[in-house]
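Subject: Structure handover

Hi,

Here is the structure we discussed. Please open it alongside this note.

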Amino acid sequence: MSGELLHDGQPIVVSTPRDRIGHGPWARLFVAEVVGDEGSKIAERGRAFARGGNVHSVSVAAGRIAARVTNDSGHDCDVTFTADPIPPRIWTAVSRSARLNPRLAAAIEGREQSVHLEHLMRFDWSEPLVPVVGRACSCAKSGTCEHVAAVAYVFADLIDDDPSLLLRWRGCGSTGTAVAIVEAPDPAPAVVANL
């Protein structure tokens, strides 16, 4: 698996005490996109796998999340989520305009989840932070299985702890493109010499 390996590849246990995993707006959007019906048996099994430490080897790269889920028979299923990275020109423009708004600046830097940034990206730029997500599982159930749901819940929980993970997946986090906007220095005044 390529990308940034999270938790040294060790199992990740979601310890949220309630049924709902993922509390921030980005985490909720991610779960809603990937899992869909959270009242389904698939979602229920996914939450059980996420809480049971069955998800491991989670890695995040621009446009790709990959993980392994140990199923009930002890075999690993490979799960991947894909999405096109946000184009650098769009992220640069959004980053520049967000500098003036402290709440948006915190979201651009990956310090907090912001519905305002999601709204700006989705409606002003037609480039949502949580787009339609490609999903696949090696169990060959068309990406609609409990293994996919388990990884979605684990990733949502990780987003709640570190919102920059979503940005890194979308190709625009602190290790991605164009997060830090560097102001160009003012041009030096021309010096005209009288000869």
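Below is what turned up, starting with the overall layout and ending with single residues.

**Overall layout**

This is a predicted model. The chain has seven helices and five strands. Their order along the sequence is β-α-α-β-β-β-α-α-α-β-α-α. The chain has 195 residues, and 48% of them count as buried. Take the contacts with a separation of 6 or more: residues 24 or more positions apart account for 69% of these.

**α1 against α6**

Start with helices α1 (25-34) and α6 (residues 146-161). Their axes lie 8 Å apart, at an angle of about 170°. That angle is over 145°, so α1 and α6 are roughly antiparallel to each other. On the α1 side, the contact uses W26, A27, F30, V31 and V34. On the α6 side, it uses V148, A152, Y153, F155, A156, I159 and D160. By class, the contact has eleven nonpolar residues, no polar ones and one charged residue.

**α2 against α6**

Helix α6 also meets helix α2 (residues 41-51). Here the axes come within 7 Å and cross at roughly 55°. The two helices are therefore oblique to each other. The crossing is right-handed. α2 contributes I42, A43, R45, G46, R47, F49 and A50. α6 contributes E146, H147, A149, A150, Y153 and V154. The residues of this contact divide into eight nonpolar, two polar and three charged. Y153 is listed in the contact with α2, and Y153 is also listed in the contact with α1.

Next is helix α5 (residues 115-124). Its buried residues are L117, E118, L120 and M121. Seen down the helix axis, they fall within an arc of 160°, so they line one face of α5. An α-helix has 3.6 residues a turn, so residues three or four places apart point the same way. The face of α5 turned away from the buried side carries the exposed residues H116, F123 and D124. What do the buried residues of α5 pack against? They pack against α1 (25-34), α3 (88-98) and α4 (102-108).

**α3**

The buried residues of α3 are I90, W91, T92, V94, S95 and A98. They pack against α4, α5 and α7.

**R170, after α7**

R170 lies in the segment that follows α7 (164-169). Is this arginine buried or exposed? Its relative accessibility is 1%, so R170 counts as buried. Leaving out residues up to four places away in sequence, R170 touches A83, D84, P85, I86, E127, P128, L129 and P131.

Most residues other than glycine have a negative phi.

- S57 has a phi near 55°, a positive value in a residue other than glycine. S57 is found in strand β2 (residues 55-61). Its relative accessibility is 14%, so S57 counts as buried.
- S126 has a positive phi of about 50°, although S126 is not a glycine. This serine is found in the loop between α5 and β5 (134-137). S126 is exposed, with a relative accessible area of 61%.

**In short**

Helix α6 packs roughly antiparallel to α1 and oblique to α2. Helix α5 has its buried residues along one face. R170 is buried. S57 is buried, whereas S126 is exposed.

Best wishes

Technical notes:
Residues are numbered from 1 along each chain as its sequence is written. This is a predicted model: local features need pLDDT of at least 70, side-chain atom pairs count only at pLDDT 80 or more; totals for chains, interfaces and linings use all residues. Side-chain values use heavy atoms; hydrogens and water are left out. Axes are lines fitted to C-alpha atoms, for helices over the stretch in contact, and angles run from 0 to 180 degrees between N-to-C directions. Helices (H or I, at least four residues) and strands (E, at least two) are DSSP runs, numbered from the N terminus. Angles under 35 degrees count as roughly parallel, over 145 as roughly antiparallel, 65 to 115 as roughly perpendicular and the rest as oblique. A crossing is left-handed if the near helix is turned anticlockwise from the far one by less than a right angle, and right-handed if clockwise. Contact means heavy atoms within 4.5 Å. Ala, Val, Leu, Ile, Met, Phe, Trp, Tyr, Cys and Pro count as nonpolar, Asp, Glu, Lys and Arg as charged, and the others, Gly among them, as polar. Buried means under 20% relative accessible area, exposed over 50%, partly exposed in between (1.4 Å probe, protein chains only). The arc is that of the directions from the helix axis to the C-beta atoms.
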